[in-house]
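Open the model in your viewer and keep the sequence panel beside it. The stops below are meant to be selected one after another.

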Amino acid sequence: MEKIFLSLSELKRINNDLEKIKNKDLKEVIEEIKQSKLMGDLSENSEYHSAKKKKYFIEEKIKNMENILSSSEIIEENAFKKILKIKLKNIKNNEIVEFFIGKIQINKKNYISEDSPIAIILKNKIIGDLVKIKKYNKEITYKVLSIE
C-alpha cells in the first residue's frame, strides 16, 4: 500500500473519528439490529435490513480509516508551509486550477510532490507561459497566471 503523509494533527483527528465510530456509531447500529430482530419476520423487516446495511457501511469506513492509519507516515506540520502555489487557467473554458507543489505529496486535492509529472511540466515556467497537461487521457492547455 502507498504511504500516506499526515501531520500529527491530521493523524489525531482520524484517530478520534475512528474511536467515535467504533465506540458510538457501531454500538448504536448493533442495538438497532437487536431491536429490529424483536419485531418478527426478518425477511420482510425493512428496519432490520436498513440497520444491516448501515452496519456494513460503518464497518467499511472503519476498515478504510484503519488502512489509512496503518500506511501513514507522520511529517512535520511546517513541511506543508514549504509549498509552491501555481495558479493556472484552462484556455478552453477559463476554469482556474491551483496546484500546490512540495517536497512530498500529501493527501489533499491538487497537492503534488516536486517530482510528479505535473510538477516537472510546470518546472521553470513563468507567468504567461502556456503548458499542456494530460489529464483523464485528454491534453489540456493552461496559461500560468501566478506563481507564489
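Is N124 buried or exposed? Select N124: this residue of the predicted model is exposed, because its relative accessible area is 72% and exposed means over 50%. N124 sits in the loop between α3 and β6 (130-135). Its phi is near 65°, a positive value in a residue other than glycine. Most residues other than glycine have a negative phi.

Next, select N94, in the loop between β3 and β4 (96-102). N94 is not a glycine either, yet has a positive phi of about 60°. With a relative accessible area of 49%, N94 is partly exposed.

Two elements, β3 (84-90) and α3 (117-122), each supply at least two residues of its lining. By type, the lining has six nonpolar, three charged and one polar residue.

Finally, select helix α1, residues 8-37. At 1.5 Å a residue, its 30 residues should span 44 Å, and the end C-alpha atoms are 42 Å apart, so the two values agree. Centre the view on I21, where α1 bends by about 35°. I21 is also one of the buried residues of α1, which include L11, I14, L18, L26, V29 and I33 as well as E10, D25 and S36. To see what the buried residues of α1 pack against, show β1 (4-7), α2 (46-70) and β2 (72-75).

Conventions. Residues are numbered from 1 along each chain as its sequence is written. This is a predicted model: local features need pLDDT of at least 70, side-chain atom pairs count only at pLDDT 80 or more; totals for chains, interfaces and linings use all residues. Side-chain values use heavy atoms; hydrogens and water are left out. Helices (H or I, at least four residues) and strands (E, at least two) are DSSP runs, numbered from the N terminus. Ala, Val, Leu, Ile, Met, Phe, Trp, Tyr, Cys and Pro count as nonpolar, Asp, Glu, Lys and Arg as charged, and the others, Gly among them, as polar. The expected span of a helix is 1.5 Å times one less than its number of residues. The bend at a residue is the angle between axes fitted to the seven residues ending there and the seven starting there. Buried means under 20% relative accessible area, exposed over 50%, partly exposed in between (1.4 Å probe, protein chains only). Contact means heavy atoms within 4.5 Å.
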